[in-house]
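Got a minute to go through some "how do you know that?" questions? Here is the structure we'll be talking about.

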Amino acid sequence: MFWPRQLTDKKIKFLNYIFRQSATNFQYRFQPQQQQQQQQPRHRVDNSSAQLLRGHSRAPWQQRLRTYSGMADQVTYLDVPDKSENDKKLYKSLVLANGLHALIVSDPSPVPDDGISSTESSEEGEKLSESSSSSSDSSSETNSVTSESDSQASSETGDEKLAACALMVDYGSFAEPRNYQGLAHFLEHMIFMGSEKYPEENIFDAHVKKCGGFSNANTDCEDTLFYFEVAEKHLDSSLDYFTALLKHPLMKQEAMQRERISVDSEFQQIAQDDETRRDQLLASLATENYPHGTFTWGNLKTLKDNVDDDALYKVLHEIRREHYSANRMYVCLQARLPLDELEAMVVRHFAEIVRNDSKAPDLTKFDYRQAFRPEFHEQVFFVKPVENECKVELTWVLPSVRQYYRSKPDQFLSYLLGTEGKGSLCAYLRRRLWALQLIAGIDENGFDLNTMYSLFNVCIYLTDEGFKHIDEVLAATFAYVKLFSNCGSLRQLYEEQQAIEETNFRFQAQRPAFDNVQDLVFNSKYFPSKDVLTGKELYYSYDEQQLNELIGHLNEFKFNLMITSQDKYEGIAYDKQEAWFGTEYTTVPMPAKWKQLWTDSKPMEQLFLPEPNRFVAHDFKLFWSAKGKPDLPAHPKKLLKTDTCELWFRQDDKFELPEAYMAFYFISPLQRQSAKNDAMCALYEELVKFNVCEELYPATSAGLSYSFSAGEKGLLLKASGYNEKLHLIVEAIAQGMVNVADTLDEGTLSAFIKNQRKAYFNNLIKPRALNRDIRLCVLEHIRWLTIDKFKALNDITLEDMREFARKFPQELYVQALIQGNYTEESAHNVLNAVLSRLNCQKIKERQYVEDRTVQLPLGSHSIRCHALNSSDTNTVITNYYQIGPNSVRVESILDLLMMFVDEPLFDHLRTKEQLGYHVGATVRVNYGSAGYTIMVNSQETKTTASYVEERIEAFRLKMLQILKKLPMEDYVSSRESLIKLKLVADMALSTEMGRNWEEIINGDYLFDRNRKQVEVLRTLNKEDIISFLIDTDANNLRKLSVQVIGHRPVGMNEPLLTVADDNDAVKAAGAELSDEEMPEDDDDDDDDQLFEALANKMNIVFLPKEGDSSTITDISEFKSGLEVYPTLEAHQQGAEISRTVRIEDALSNT
């Protein structure tokens, strides 16, 4: 997998067969990282070590060395990293005789007996959300098995932990031969295709999954990263498999033929991503012979067309031998083993990797000032996006800022430019409804930040009014940028941020080993060993000279100006096309009027530096410790339940940090009543955030955070951070909910309706998001398609929105959970503060807040439509198999079943048949109804949807055979691995909180879910799983195939590898907004006319299959005669009983 721009920094993980991220829920082999757009990067300092660190600096080549002889010929020990006073882990940094750098992390927490831990634990999957919009619908659907991740809602209390390893090679796409673009990425794929010691393809991945783990890899511009996690007792064997790939990979020519298709499929799936397209457009402006002017992804054109296979095979092996050398490798290993034992493991497995003393290309010889051709800053770039978005970006080319890591002037300037509080550029633009979001800083991906240069970017997301007033937007931006050079010393502001980050570092939460090793192995290359833990986190000292140097760069009228919009600026024509992604754009010389705006820029009284931050915490008292650390219940306690609310509470007694987490679900009967109401709920959410954003932004830079989003039947508020002032966020949001009706005006509503149209549109054109939207609309009793909400926006008036905003707080049921360093009295006070502001009453129409799902008919049904973007080749097929009412036993069986079939599924459909890059099987639980999905994301240019669906079904029919042939030893081993996964310890309060919150909002309240699942798993034998499969197929097969079909270029024949289908019917029905149906692109057309045309023309037409009555063409009609679960009577009779208990009771009586 290659690292795209928008997917950097924030790690995503999946375990065994579950892939979780904010935009999707699919598993695939090489997985991207999730976007983390940070207005203010968080960099932390430890109070206890700050003074030492500020007075001490040593470059990487100046580290103290201690050399000893040992198991290897020679081991050189480097400085021990500085760490936080609360970090209990032990560290050792060393260099092996072959030049490989290793960082060893020993977690001192106790290791349980080899038997299964007796500690209570449970695990509940996260709520899925595939929309890219911040107001995206959440879903009732959960994944039954998940693992710890940044989304923080996974594992429950246990004493199991996973070990992890990350290895980074000092070789990336900047060093690949220009005549084989994408070769570094291709090589990363090929490494996994077996070794001399273990020749079977994907054998390492299969071993890791069998042992309860996960492996992945990423290619960046200067580095390639491999990483995996695994149950601790299997770490040694997993390292043996892993290092065999590095020592003697096979990379056979026949495997090369298949894996090229995988690389191309990966490229096709990001080909419509605007941020990736933007990066490639900038790369096309690189100065001749500069390494960043390459096409890093690779595809069939660069790796197959006009390429001699024998020559490619030879080059691939030559590159591997030259660059995958031990002296260019960095490894980080973390486990609950003593340092000496981990060191012995590193030496045993890594010391024999060959060293050839090759060096990475010297990129320092390239002058950053000449990195891009003159048109980079002399021309204005107007770009037509795939998504409906409008933004203006200013990008400065700076020297590589890695050299400034101790003072971090770039991150401090990122904070100043990206702040959203009073006096900020963002607040100025928002008040005028010219922009709703602003992001500033240097992205951490290798294209934006590397050894040659850094790209400092200010990105302003414009409203339609902002696009019309782009001159004024630029004038304000220029004035704010110049403010920093005319305001005197910035030391006081810097030291406030420094103090905040010192506190953050002091009280930082533990992270899963999987995430930790990935960050630390990167730090091992770019920071001295002493600063490996603090290099990214720490504002060591204020350096006015370095700060002024960067401010000086920003005050030069020498930046790239890019305006991205579907609308054309002053009649320009998109008459150019980028070579690899086909991005349409044009350029014009920098207009004289904008040059004049820069030259004449003067200070503006509305723009000023941030004020002192009132949200900074000072009281870090730990309530549990102050009470003498009494024994506390393991699970949340219900403090209150009335007709309008329920409050759950648990004081922290594990993590001992001065932090708390608060979650509120404001359940309303309004949202499900109509598609229009659902759309108004999304608007209401955005308007509330708009109402409070300026007030609350300082909180987000003081160690607090919050999210406010639309759920299935109301609004979800989550707040977290230092407990002292956390309640201020909750109170502000509650007040904002009340204020919207009185403060809303026509201009504001119009701007937000247009913005919401764009959000819906951008979601609809993504095949995977559309696939999920359709599937859940079929399965859930009341759910509105996004296309219906998109159209409903046209009918919303100012009075409609005001009335909705007035009515929403009047009838609510509020679910609340408060956990952490808090007291029961304070928890009551917070909820009372919310209720007193909302003054809500009991919900009368309960049918709109009851969660129910339909029972699919026996047999197979399908629903098909085309992707709405006629340029998108991606086809997404999801086959959903509904089992029925969920229970701990059913869920456990499905978890185990998916664990057994995951690797064979990948091997058959992805590796051997090459149906698509993304292939996965996942347990699904919708409102108490269990099932599972098998998903393939392919391209219609390579195969047909009908063929892919056939192959999915063929594999499902093999699942029974796979289980029958599974050796008993493998069955027992996999079952024990799953048990251990369910007992993985919570690494942070956020994971415990997230798991408990899912139990509450899903109505299950089964806080010890994993303990109960472990009890069931211990009783399950192989015959139980086989009987379950046989019975389901014979008596209860309820299948729904959701097919979103991509597009082939005009004139392209149907791929040969197909089975017969009604292709003519598909073409005749149509579903996308075709080029012919698009509104005329008149220069005088404004955005209102465009969206009106879109609303009338854009539609989803479900495609029939001639003579096939099982094909769904009308969702409402299909659902009208189906049974729903649970019935309203069941809800009324068991209102106080959890859903899980009701299901267990029902099953026991059958």
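Q: Where does K89 sit in the chain?
A: K89 is in the loop between strand 4 (75-77) and strand 5 (90-96). Helices (H or I, at least four residues) and strands (E, at least two) are DSSP runs, numbered from the N terminus. Keep in mind that this is a predicted model, where local features need pLDDT of at least 70, side-chain atom pairs count only at pLDDT 80 or more, and totals for chains, interfaces and linings use all residues. Residues are numbered from 1 along each chain as its sequence is written, and side-chain values use heavy atoms, with hydrogens and water left out.

Q: Why is K89 called buried?
A: "Buried" means under 20% relative accessible area, with exposed over 50% and partly exposed in between (1.4 Å probe, protein chains only). K89 has a relative accessible area of 7%, so K89 is buried.

Q: Which residues does K89 touch, leaving out those up to four places away in sequence?
A: Contact means heavy atoms within 4.5 Å. The list for K89 includes K83, V105, S106, D107 and Q334. Take V105: K89 and V105 are 16 residues apart in sequence, and their C-alpha atoms are 6.6 Å apart in space.

Q: What makes helix 9 (residues 339-350) largely enclosed by the rest of the structure?
A: Nine of its twelve residues are buried, so helix 9 counts as largely enclosed. Among the buried ones are L339, E343, M345 and F350. The buried residues of helix 9 pack against several elements, including strand 6 (101-106), strand 7 (162-169) and helix 4 (235-247).

Q: How do you know that the end-to-end span of helix 9 agrees with what it should be?
A: The expected span of a helix is 1.5 Å times one less than its number of residues. For the twelve residues of helix 9 that should give 16 Å, and the end C-alpha atoms are 16 Å apart, which agrees.

Q: How many disulfides are there?
A: A disulfide is a covalent bond between the sulfur atoms of two cysteines. Here the rule is a pair of cysteine sulfur atoms within 2.5 Å, and by this rule the count comes to zero. C426 is in no disulfide: the nearest cysteine sulfur, that of C693, is 6.8 Å away.

Q: Are C426 and C681 buried or exposed?
A: C426 has 2% relative accessibility, so C426 counts as buried. C681 is at 0%, so C681 counts as buried too.
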